[in-house]
Amino acid sequence: LGWKGRLWARTARRADTASLAALGADTAVLFPNSFSTAWLAARAAIPDRWGYARDLRGRLLTRAVPRPRRSLHQVAYYQHLTSTLGVPAGARQPEVTVPDSAIESARGLLSARGWDPSRPLIVLAPGAAYGTAKQWPPRHVETLVAALVRGRRATCVLVGSHGDRVTTSAIRDGMSQEVIDHVIDLAG
């Protein structure tokens with residue numbers, strides 16, 4: 001979804017409303033606390049809209065859950081919402097199971113790009129989706145990568161979206177050939 005809650009962004013709002021309505025969903029569990037999220041679900045005519053009653057959105061929800069009185073970790077906060085709605089909470093600790101086929105595919109991709117499996121592999125995501133405020137400066141990433149390649153004999157993999165290619169290119173542009181030989185850019 002592309003609408004960010006700004007009233008003047010009518011085209012994005014209409015497109016997102018149409019996309020949600022086209023799903024034919026019976027229920028929307030709204031984890032974001034924003035008014036715009038509840039408003040969008042209501043405009044998409046989703047019959048059951050569940051979420052925390054905050055940010056003046058209580059009337060837009062069909063099941064409004066009171067916010068916990070004390071501060072909770074984000075996981076516990078979401079689990080409180082779902083368990084209050086009658087959905088059992090899962091484990092607080094996330095678990096990811098990677099299929100063997102995905103591991104082999106990744107090894108094949110890395111090997112095709114020159115990875116030597118005897119070298120440690122370090123993956124960095126140096127981009128930022130919503131501006132540079134949370135992004136480490138590319139020259140600092142470049143310094144870190146050089147230190148890892150030289151000091152730890154590592155291969156560093158740069159990952160990110162297509163929009164991060166500018167950042168990964170800037171990082172690579174400042175590197176010596178000795179370092180860049182052990183950098184794999186998979187951004188995009």
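**Cores, a buried arginine and a surface patch**

In this predicted model, the largest nonpolar core holds 13 residues. Val145, Cys156, Met175, Val179 and Val183 touch the most other members. Helix H5 (138–152) and strand E5 (155–158) each supply at least two residues of this core. Five residues come from H5, the largest share. Val145 illustrates the packing. Leaving aside neighbours within four places in sequence, Val145 is in contact with Leu124, Cys156, Met175, Val179 and Val183. In soluble globular proteins, nonpolar side chains tend to be buried together.

Arg57 lies in the loop between strand E2 (48–52) and strand E3 (63–65). The relative accessible area of Arg57 is 0%, so this residue counts as buried; the cut-off is under 20%. The Arg57 side chain reaches the backbone oxygen of Tyr52 at 2.9 Å. Residues up to four places away in sequence were then set aside. On that basis, Arg57 touches Leu30, Pro32, Asn33, Ser34, Phe35, Thr37, Ala38, Gly51 and Tyr52.

The surface was considered last. Val96, Val98 and Ile103 make a nonpolar surface patch of about 260 Å². Val98 sits in the loop between helix H3 (74–84) and helix H4 (100–112). Its relative accessibility is 45%, so Val98 counts as partly exposed. That class runs between the buried limit, under 20%, and the exposed limit, over 50%.

Terms used:
Residues are numbered from 1 along each chain as its sequence is written. This is a predicted model: local features need pLDDT of at least 70, side-chain atom pairs count only at pLDDT 80 or more; totals for chains, interfaces and linings use all residues. Side-chain values use heavy atoms; hydrogens and water are left out. Patches are made of residues with over 30% relative accessible area and no salt bridge: like charges are joined within 9 Å, nonpolar side chains (Val, Leu, Ile, Met, Phe, Trp, Tyr) within 5 Å. Accessible areas come from the Shrake-Rupley method with a 1.4 Å probe; for residues, only the protein chains shown count as cover. A salt bridge is a side-chain nitrogen of Lys or Arg within 4 Å of a carboxyl oxygen of Asp or Glu. Helices (H or I, at least four residues) and strands (E, at least two) are DSSP runs, numbered from the N terminus. Buried means under 20% relative accessible area, exposed over 50%, partly exposed in between (1.4 Å probe, protein chains only). A polar contact is a pair of N or O atoms within 3.5 Å; within protein, one must be able to donate a hydrogen and the other to accept it, and residues adjacent in sequence count only if both atoms are side-chain atoms. Contact means heavy atoms within 4.5 Å. A nonpolar core is a set of buried Ala, Val, Leu, Ile, Met, Phe, Trp, Tyr and Cys residues joined through side-chain atoms within 4.5 Å.
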